[in-house]
Structure formats: C-alpha cells, structure tokens
Amino acid sequence: MFLLLYQENTWMHLNYFQSASTTRRFLRNCYEQQDLPERELKSYDNCYPFMYYLEQGELYYTQATFSPLSIKPVLLFYGMIHLLKACLLTVDPVYPGTTSVLAHGVTTRKRKKQQYQFFNDEVKVQKNGLCTHFAERMFHVKQLEGEKFKMGPLLELIPELSDLFLFATGSGKMHFLEEAGKNRWLIPSVAAESYYMDDSRLKEYLNEKHIGPIPWVDGSLPGLAVDSSVSPLKPPFRFDFISGR
C-alpha cells in the first residue's frame with residue numbers, strides 16, 4: 001500500500017509536463033543552462049517526444065502494479081527505459097542521434113549453463129547502446145564497455161530487497177541506521193564488523209565513497225553518528241522506500 005501511494009505521488013509530480021508550453025519552457029531552460037545551440041528549436045522538437053516518454057513510462061509502471069508477477073519485471077523494465085529516454089532529452093537534444101544508441105547496450109549469455117541460478121547470471125556492457133550513452137551523458141561515466149556485472153551483487157544494492165536476500169541466502173547486506181535522538185542516526189557496529197574495520201577506518205572509508213561531506217555528529221555515544229537534518233545522505237547510504245528508513 002505504501003509503495004502504491006508513493007508511485008501515485010511520483011506520477012502526480014510529473015503531471016506538470018502534460019502541458020506542451022510548460023514542457024517546452026522546461027527543456028529550453030535545461031538547454032540554456034548547458035549553453036547548447038539551437039535551444040529554442042530543439043525544445044520545440046523535443047517537447048512531444050519528452051511528454052510521450054513520460055506518459056509511456058507511467059503506463060508501464062501502472063500496469064505492472066496490477067499485473068502477475070511473471071510479467072511484472074518486463075513491464076517495469078520498459079517503463080524504466082522510457083523514463084531514461086526522457087531524462088536523456090534534457091541533456092542530449094539530438095537523442096537519438098544514431099541508431100546505435102537505440103539498442104539496450106547490455107547482453108547476457110543466451111544459452112544458460114546447467115544448474116543455472118539467476119543471482120549468478122552475468123550481464124556485459126556493450127560498446128554502443130542506451131546503457132553506455134545514458135551513463136556518459138547523464139553521469140559522465142565512461143569506459144563501461146566490456147564491464148561485467150553479476151545480478152546478485154547488483155540486486156544486493158537495492159535496500160527494498162534486503163529481506164529477500166536474507167531469506168534466500170541467510171545473510172543480508174544492508175544495515176539499518178539506528179535512531180539515537182532527534183535528527184541523529186547511529187551506524188550500527190555490525191556494519192563496521194562486516195567490513196572488518198574499526199569505527200575510525202569505517203569513517204574514513206565512508207568519507208572516500210560519499211559524494212560531498214558527511215554530517216558527522218560528535219558526541220558521547222559509542223560508534224558513528226550522522227545528523228539527518230543537514231542534508232540527504234548519498235550512496236553508499238541508501239533509503240528504503242517500503243520501510244521508510
């Protein structure tokens with residue numbers, strides 16, 4: 001119920017883009033901030049494709065909510081693809097510039113091995129396709145070609161699947177922060193133990209991985225604490241939308 005409510009709120013925010021004039025103004029502002037050429041013309045050309053991608057993305061996600069589990073992943077995948085394409089139009093006004101970026105850009109072994117397990121399945125990033133193009137244009141991440149990823153470690157990064165991994169493998173990879181007063185969250189000691197680090201080394205490690213400074217709280221409590229009121233924490237911290245933590 002919480003997940004459904006969250007999705008409805010998400011699509012409600014996107015109703016802003018049901019107006020063509022509003023969408024054109026939004027795209028023009030995006031192109032102006034990046035000092036892209038022909039922004040007036042490109043915002044006009046991309047207005048309706050942008051609206052279409054958002055509309056189709058919402059339809060796929062909405063249908064997935066009420067669909068059988070066996071086809072739900074496919075609907076969610078194509079919903080995500082359409083939303084990614086809408087995001088691309090905010091930074092790449094000529095998308096799709098070539099047919100090479102229309103493919104998904106990732107492949108997996110077509111012939112599965114005996115004793116196949118999905119968690120051990122491997123995906124490989126191709127030279128061309130939506131995956132590499134999106135990563136480069138949206139996040140300036142290059143040189144993904146040839147990278148291989150196993151599904152298990154990838155899915156372990158999703159907080160909402162933590163209970164599933166705990167049930168399926170007997171061990172969970174996520175550790176919930178503990179409330180330690182108003183606007184204060186304590187990193188549990190088990191997190192440091194899972195990394196085979198003490199608190200000092202774990203703090204140093206998180207500072208290296210986190211984008212921007214972490215609002216650490218100095219106090220008499222043992223362990224590491226952060227101030228949740230200063231700014232939203234970024235990866236490697238994650239938020240579980242189902243539990244609200």
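This is a predicted model: local features need pLDDT of at least 70, side-chain atom pairs count only at pLDDT 80 or more; totals for chains, interfaces and linings use all residues.

Visitor: Which strands form the open sheet, and in what order?

Guide: First the terms. Helices (H or I, at least four residues) and strands (E, at least two) are DSSP runs, numbered from the N terminus. Two strands pair if DSSP finds at least two bridges between them. Here three strands make an open sheet in the order 4-5-6, with antiparallel pairing. Strand 4 and strand 6 are the edge strands, each pairing on one side only.

Visitor: How many bridges join strand 4 and strand 5?

Guide: Two bridges, in the antiparallel sense, join strand 4 (residues 178–179) to strand 5 (residues 184–187). Glutamate 178 faces leucine 186 of strand 5 across that pairing. The two strands form a hairpin with four residues between them. In its turn, glycine 181 has a positive phi of about 115 degrees.

Visitor: And how many bridges join strand 5 and strand 6?

Guide: That antiparallel pair has four bridges. Arginine 184 stands opposite aspartate 227 in strand 6.

Visitor: What about arginine 39 and aspartate 35?

Guide: Their side chains also meet in a salt bridge, at 3.7 Å from N to O. For accessibility, buried means under 20% relative accessible area, exposed over 50%, and partly exposed in between (1.4 Å probe, protein chains only). Arginine 39 is partly exposed because its relative accessibility is 29%. Aspartate 35 is at 59%, so it counts as exposed.

Visitor: Which residue forms a salt bridge with aspartate 92?

Guide: Arginine 137 does, with the closest N and O atoms 3.6 Å apart. This pair links distant parts of the chain: aspartate 92 lies in the loop between helix 4 and strand 1 (106–108), and arginine 137 lies in helix 5, 45 residues apart. Aspartate 92 has 5% relative accessibility and is therefore buried. Arginine 137, at 30%, is partly exposed.

Visitor: Which residues of helix 5 are buried?

Guide: In helix 5 (residues 130–139) they are Leu130, Thr132, His133, Phe134 and Ala135. These buried residues pack against helix 4 and strand 2 (122–125). Histidine 140 follows the helix and has a positive phi, near 60 degrees.

Visitor: Is histidine 210 buried or exposed?

Guide: Histidine 210 is buried, because its relative accessible area is 7%. It sits in the loop between helix 9 (199–209) and strand 6 (224–227). Contact means heavy atoms within 4.5 Å. Not counting residues up to four places away in sequence, histidine 210 touches Leu233, Lys234, Pro235, Pro236 and Phe237. A polar atom of the histidine 210 side chain lies 2.9 Å from the backbone oxygen of glycine 212.

Visitor: Where does leucine 36 lie?

Guide: Leucine 36 is in the loop between helix 2 and helix 3. With 16% relative accessible area, leucine 36 is buried. Leucine 36 touches Tyr31, Val91 and Pro93, not counting residues up to four places away in sequence.

Visitor: Which residues make the nonpolar surface patch?

Guide: Patches are made of residues with over 30% relative accessible area and no salt bridge; like charges are joined within 9 Å, and nonpolar side chains (Val, Leu, Ile, Met, Phe, Trp, Tyr) within 5 Å. Areas come from the Shrake-Rupley method with a 1.4 Å probe; for residues, only the protein chains shown count as cover. Here Val74, Phe77, Tyr78 and Met80 make a patch of about 320 Å². Valine 74 belongs to helix 4 (residues 72–89). Valine 74 is partly exposed, at 47% relative accessible area.

Terms used: Residues are numbered from 1 along each chain as its sequence is written. Side-chain values use heavy atoms; hydrogens and water are left out. A salt bridge is a side-chain nitrogen of Lys or Arg within 4 Å of a carboxyl oxygen of Asp or Glu. A polar contact is a pair of N or O atoms within 3.5 Å; within protein, one must be able to donate a hydrogen and the other to accept it, and residues adjacent in sequence count only if both atoms are side-chain atoms.
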